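Q: I'm new to this one. Please walk me through it, one bit at a time.

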Amino acid sequence: MSHSEDADVLRPPTPEVDAKVSELASRLHSSATRDTTAENDKDIDDRLSDDEDKLFEELEKDEFDMSGLREKRIEELKAQIAQVRDMRENEHGRLTEITDEKEVIKTSANESHCIIHFYHRDFRRCDIMNKHLEILASRHFKTRFIKVFVENVPWLVEKLQVKVLPCVICFVRGVSKDRIVGFEELGNEDGFKSATLELRLTQSGVIDKPDEPRQKLVTPFGTTVGANRGIGLEFVKQLLRKPENIVVGTYRNSSTINELNKISEDASNKDRLSLIRLDMNDEQSCKDAASEARAKIGAIDVLVVNAGANGGQSLLTEEISNVSRLFDNNVLGPLRICQAFVPLLQDRSTSDLLPKLALLSSESGSLTVSKHGRGPAYAISKAGLNMMGRKLAHELEPLGIAVGLLHPGWVQTDMGGPNAITTPEDSVRGMLQVINNLNIGNSGGFWDYEGREHPWRFLVPSPSRLSMEITLNRLPHITRRDFLISFLTALFISAFFITTTRHSEPIPAVTQPLETLRPPPPLLKMSNTERSYIMVKPDGVQRSLVGEIISRFEKRGFKIVALKLVHATKEHLEEHYADLKGKAFFPGLIKYMASGPVVAIVIEGLDAVKTGRAMLGTTNPLASGPGTIRGDYALATGRNICHGSDSVENAEKEIKLWFPEGIVQYTDDKATWIFEN
């Protein structure tokens with residue numbers, strides 16, 4: 001029979017047959033990567049052989065008239081089985097330790113994809129990394145996962161310049177492609193998820209991209225927008241386009257959810273859309289809705305709070321009752337929803353996903369952007385929502401929940417009107433992308449639907465840089481021509497006044513005796529021996545920034561009079577942060593500060609407290625200027641490197657607490673070159 005005749009007889013495999021082969025291969029892979037800690041090698045081989053026999057028997061049952069292709073498929077499956085056996089024999093599917101340095105080098109060179117964790121047995125964060133790598137090793141069978149104790153591989157440590165632990169180095173075909181040092185890229189916190197590390201490793205190409213996990217998402221809507229129209233309805237539609245999403249939409253009035261009911265009744269959305277009544281102005285209603293959501297889906301991964309009311313006149317003529325109404329709808333309503341639903345984020349069942357809270361705000365709430373537009377009372381309420389979001393980000397960071405504030409744009413809804421420039425489809429599509437990119441590192445940020453970060457406040461440049469162009473741009477309510485005419489008129493009047501006063505009567509001399517005039521106040525004399533307490537926090541110690549921080553204070557001219565490395569107890573830290581007791585973030589703060597050693601320092605010098613805090617930067621590193629310690633080395637408020645006393649009185653208390661043995665007194669010879677006599 002000729003080749004063309006064969007082609008006539010043999011049909012290409014059907015999708016069902018290919019799916020069957022893929023399913024069998026997947027089951028074989030799962031069988032090989034099953035936890036084998038309780039089995040010996042003979043038991044494992046027997047189990048795999050039994051699984052192979054069952055797989056081939058099942059494949060032989062398929063009735064299709066293409067024996068040649070069937071044989072080819074079986075041979076391919078046998079090759080996969082051999083490959084799985086070979087990988088299992090080479091410790092694939094688990095995190096294994098290698099103690100011989102030459103064996104580590106050989107393994108990294110021979111494996112196509114290899115991950116090596118350089119660890120130390122006494123480092124707690126190395127233990128955390130090992131636990132996550134054990135989980136990922138079972139998921140990514142093709143990649144070899146190894147851990148090595150740094151003291152066993154001194155040559156490799158020096159060759160690869162491993163200086164900070166934990167250190168994970170990724171090898172692809174024997175070449176070092178990437179490394180993860182510490183937890184900085186993983187949210188810089190001990191409680192990061194395996195999925196976060198998994199995503200980071202996929203960027204190196206050392207493991208395959210994981211399948212997108214099933215996501216549950218609840219979307220409470222406000223009283224004005226509602227779940228039945230506008231942005232809220234569009235969120236439901238776009239989320240349901242992904243079959244892996246489970247959505248809960250809330251509504252206030254059951255008579256206005258006809259379109260939502262139609263979506264819910266669609267066969268493709270069966271068991272994926274639940275509708276729950278919620279009145280955000282009623283605290284009990286919010287609690288009942290959260291309880292109903294918990295009963296239906298158990299927990300949630302993303303909470304989108306889309307609540308808002310518009311309106312308002314000039315503040316001087318505005319009804320106070322209307323201001324109160326807007327504040328209740330735009331601030332207190334979302335707060336009630338958060339108080340009721342955030343526990344469902346904490347208790348989410350998909351533990352490998354980062355839980356997220358998205359608050360829909362408005363650029364009217366930005367002090368920089370909001371110049372005109374919507375009513376002042378609306379803008380004030382949205383500014384309040386923005387501040388609430390910032391505070392929630394700070395409170396929820398220790399719990400591993402990210403918070404984002406979103407400006408949807410001027411949208412064609414009942415609120416935005418027909419003249420708006422953005423469709424609900426484009427707005428929601430963009431906001432979902434922003435939510436997808438939200439993480440602990442950028443938690444508390446403010447973005448528009450196109451992903452551009454919004455400024456929070458009005459930054460005033462120095463007078464020397466405030467040009468005429470900037471001035472004109474900040475006066476949009478007048479034309480440039482009007483401004484120039486007014487400016488030239490002012491110049492003419494000033495010139496006329498100066499000319500006429502030259503010919504007027506001289507100003508009479510001051511008759512009051514000079515000695516009765518009040519003398520200028522004396523200059524405040526600050527002490528050269530003022531002291532402040534500085535502490536390098538666990539993240540600063542782990543990131544090897546202690547020397548840099550001490551160097552900055554010494555180069556500035558401060559004298560180090562006390563210095564020690566301390567692993568503080570929980571009780572000691574609670575006494576230090578006693579003024580924060582009762583805050584929601586207090587337990588997380590204490591846990592973090594007790595997670596590792598800190599470096600306690602006492603500096604002495606001119607205006608030590610005030611200058612020391614200026615050198616540290618603001619509590620939020622993102623608001624700290626370049627040149628400050630936090631501005632140069634930190635990104636998140638919860639990991640802001642260091643602490644500094646905020647007053648002379650508190651400095652004295654903190655020094656006594658951390659140095660009960662007292663400080664060291666000595667003569668600093670360089671002082672004469674720093675201070676005037």
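A: First, a term: helices (H or I, at least four residues) and strands (E, at least two) are DSSP runs, numbered from the N terminus. The model is a predicted one, where local features need pLDDT of at least 70, side-chain atom pairs count only at pLDDT 80 or more, and totals for chains, interfaces and linings use all residues. Residues are numbered from 1 along each chain as its sequence is written, and side-chain values use heavy atoms, with hydrogens and water left out.

Q: OK, where is asparagine 640?

A: Asparagine 640 is in the loop between α22 and β16 (642-644).

Q: Is asparagine 640 buried or exposed?

A: Buried, with a relative accessible area of 3%. Buried means under 20% relative accessible area, exposed means over 50%, and partly exposed is in between (1.4 Å probe, protein chains only).

Q: And what does asparagine 640 touch?

A: Leaving out residues up to four places away in sequence, asparagine 640 touches Lys537, Asp539, Thr619, Pro621, Arg630 and Ala634. Touching, or contact, means heavy atoms within 4.5 Å.

Q: Which residues does the UniProt "binding site" annotation cover?

A: In that unreviewed entry, the annotation covers Lys537, Phe585, Arg613, Thr619, Arg630 and Asn640. UniProt positions are given in the numbering used here, feature names are shortened, and annotations may be inferred rather than shown by experiment.

Q: Where does threonine 619 sit, then?

A: In the loop between α21 and α22 (629-633). At 45% relative accessibility, threonine 619 counts as partly exposed. Its contacts, not counting residues up to four places away in sequence, are Arg630, Thr637 and Asn640.

Q: What does UniProt list for "active site"?

A: His643, again from an unreviewed entry. Histidine 643 is found in strand β16 and is buried, with a relative accessible area of 15%. Leaving aside its neighbours within four places in sequence, histidine 643 is in contact with Tyr533, Ile534, Met535, Lys537, His576, Leu616, Arg630 and Glu654.

Q: Where is threonine 611 found?

A: In helix α21 (residues 608-616). Threonine 611 counts as buried because its relative accessibility is 17%. A polar atom of its side chain lies 3.0 Å from the backbone oxygen of aspartate 607.

Q: Switching topic. Which residues of helix α5 are buried?

A: In α5 (residues 101-110), Glu101, Val104, Thr107 and Ser108 are buried. They cover an arc of only 125 degrees around the axis, which puts them on the same side of α5. The arc is that of the directions from the helix axis to the C-beta atoms. On the other side of α5, Lys102 and Asn110 are exposed.

Q: What covers the buried residues of α5?

A: The cover includes β2 (113-119), β3 (144-149), α7 (154-159) and β4 (167-172). At the start of α5, a side-chain oxygen of aspartate 100 reaches to within 3.3 Å of the backbone nitrogen of lysine 102.

Q: How many aromatic pairs does the structure hold?

A: Four. In one of them, the rings of tyrosine 119 and phenylalanine 149 have centres 5.8 Å apart and planes at 50 degrees, so that pair is tilted. Tyrosine 119 lies in strand β2 and phenylalanine 149 in strand β3, so the pair ties together parts that are 30 residues apart in sequence. In another, phenylalanine 183 and phenylalanine 192 have ring centres 4.9 Å apart and planes at 75 degrees, so it is edge-to-face.

Q: What counts as a pair, or as tilted?

A: Rings of Phe, Tyr and Trp (its six-membered ring) pair if their centres lie within 6.5 Å; planes under 30 degrees apart count as stacked, over 60 as edge-to-face and the rest as tilted.

Q: Last one: which residues touch the most other members of the largest nonpolar core?

A: Of its 33 residues, Phe341, Leu357 and Leu359 do. A nonpolar core is a set of buried Ala, Val, Leu, Ile, Met, Phe, Trp, Tyr and Cys residues joined through side-chain atoms within 4.5 Å. Helix α12 gives the most to this core, with eight residues. A second, separate core of 28 residues includes Phe235, Val236, Val247 and Val434.

Notes: Polar contact = N/O pair within 3.5 Å; in protein donor to acceptor, adjacent residues only side chain to side chain.
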